[in-house]
Amino acid sequence: MTAVTVRVPAKVNLQLSVGPRRDDGYHDLVNVFHAVSLFDEVTASVPVGVPPGAGPAVVSGTATVTVSVEGDSAGQVPLDGDNLAVRAALALAERAGRPVAVHLAVRKAIPVAGGMAGGSADAAAALVACDELWGLRLDRRELLDIGAGLGSDVPFALFGGTAVGTGRGERLAPVPVGGEFHWVFALADGGLSTPAVYGECDRLRESTGEPVAWPRADEALMAALAAGDAKALGVALVNDLQPAALMLRPSLERTLAAGREHGALGALVSGSGPTCAFLAESPAHAADLAAALRDADVCRATVTAHGPVPGAEIVAG
Ligand code: ATP
């Protein structure tokens, strides 16, 4: 085999409850992840010469990795050892027990620095693709462990579906879902830095001085998911990072308000933002809502998607 292509979904957080800041700087979270049909693709191949568009070769031990990126906001993605897909390939290469060389061609549809875990998704896709290309056949548990070492959103991109993450978000349990949900995502110009949004969240909390509750999975949200009840889910959506994201990007208030005015069942900032997520009643409602958001000129672009969908999976090779 000379090439393997893996498709990997974006995530939206249906509940993101942020506990008190821990001594190590992280926060304990309750994070209900939901994988949606907005996909990046990563093709891992045995390099022949210098692949077109590739960044400099990243060498670690006996592994050599190059990466190229095309698609939405590709210019904002690093082409060196900072690329999360490259880091994933290097982490897996340690298990290969022999010299390996791979080129990773990333095709992006997930907005960069958009709060939809696109970099983590690419890392998960690179793990699955290289595992297959190198014939390692690690079980999912092992890939999840390697993924957790790369970032707290990586395990969910392997897992897919809908899941509740605890700890830093990396300890996952599946959540039963009784139906399909339809979404509109309003993409913003530029990204928001996840550490900056957490920092702003801490600052806002310190300024009010109110005690921060220990996060728990929301029962109404779990019941809405189990019943496949979009109306109830829309009401239960919650993101503790939203006030901080709005403080750093006040224009998102208008985006959220426009979605609510046009009948969204729920509207929230996705993760650390600045992408905004809107829950619709049906695919047709999602298409109408997307058109209304574009007409209102409150975002760079819109995409519609449904969830839940599976995590990283091989589509060719
Ligand atoms: P999260 O929701 O997990 O906090 P995000 O969706 O807001 O993340 P990403 O798209 O993962 O953000 O990008 C965060 C940063 O990571 C970007 O600024 C980018 O420079 C860097 N990065 C590294 N590798 C990648 C990659 N393969 N795709 C996108 N960004 C990457």
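User: What makes residues 83-161 a named domain?

Analyst: The name comes from a record: UniProt, in an unreviewed entry, lists residues 83-161 as "domain: GHMP kinase N-terminal". UniProt positions are in the numbering used here, feature names are shortened, and annotations may be inferred rather than shown by experiment. Residues are numbered from 1 along each chain as its sequence is written. This is a predicted model, in which local features need pLDDT of at least 70 and side-chain atom pairs count only at pLDDT 80 or more, while totals for chains, interfaces and linings use all residues.

User: Which residues come nearest to the ligand?

Analyst: Ala117, Gly118, Gly119, Asp122 and Thr194 come nearest, out of 23 residues around the ligand. A residue belongs to that shell if its C-beta atom, placed from the backbone, lies within 6 Å of the molecule. Two elements give two or more residues to the shell, α1 (84-93) and α2 (118-133). The most come from α2, with four.

User: Which classes of residue make up the shell around the ligand?

Analyst: The shell has nine nonpolar, eleven polar and three charged residues. Nonpolar covers Ala, Val, Leu, Ile, Met, Phe, Trp, Tyr, Cys and Pro; charged covers Asp, Glu, Lys and Arg; the others, Gly among them, are polar.

User: How do you know where the ligand lies relative to domain 1 (3-174) and domain 2 (181-307)?

Analyst: Both domains give residues to the shell around the ligand, so the ligand lies between them. The bounds of the domains come from an automatic or database domain assignment. The centres of domain 1 and domain 2, taken over C-alpha atoms, are separated by 24 Å. Contact joins 29 residues of domain 1 to 34 residues of domain 2, where contact means that two C-beta atoms, placed from the backbone, lie within 7 Å. On the domain 1 side, β1 (3-21), β2 (27-45) and β6 (162-166) give two or more residues each.

User: Why is Pro111 called buried?

Analyst: Pro111 has 24 other C-beta atoms within 10 Å. A residue is buried with 20 or more such atoms within 10 Å of its own C-beta, exposed with 12 or fewer, and partly exposed in between, C-beta atoms being placed from the backbone. Pro111 therefore counts as buried. Pro111 sits in the loop between β5 (100-108) and α2, and its contacts beyond four places in sequence include Asp72, Ser73 and Leu187.

User: Is Ala117 buried or exposed, and what makes it so?

Analyst: Ala117 has 31 other C-beta atoms within 10 Å, so it is buried. Ala117 also lies in the loop between β5 and α2. Its phi is positive, about 60°, although Ala117 is not a glycine. Gly119, in helix α2, counts as buried too, with 28 C-beta neighbours inside 10 Å. UniProt (unreviewed entry) gives a "binding site" whose positions include Pro111, Ala117 and Gly119.

User: Why is Glu281 called partly exposed?

Analyst: Glu281 has 17 other C-beta atoms within 10 Å, so it is partly exposed. Glu281 is placed in the loop between β11 and α10. Glu281 and His182 are 99 residues apart in sequence, yet 6.7 Å apart in space, C-alpha to C-alpha.

User: Why is Asp297 called exposed?

Analyst: Asp297 has 8 other C-beta atoms within 10 Å, so it is exposed. Asp297 is in the loop between α10 and β12.

User: What makes the buried residues of α9 lie on the same side?

Analyst: In α9 (residues 252-261), the buried residues are Leu252, Thr255, Leu256, Ala258 and Gly259. They cover an arc of only 160° around the axis, which puts them on the same side of α9. The arc is that of the directions from the helix axis to the C-beta atoms. An α-helix has 3.6 residues a turn, so residues three or four places apart point the same way. The face turned away from the buried side of α9 carries exposed Glu253 and Glu261.

User: What makes the bond joining Gly273 and Pro274 stand out?

Analyst: The peptide bond between Gly273 and Pro274 is cis, with omega about 5°. Pro274 is in the loop between β10 and β11.
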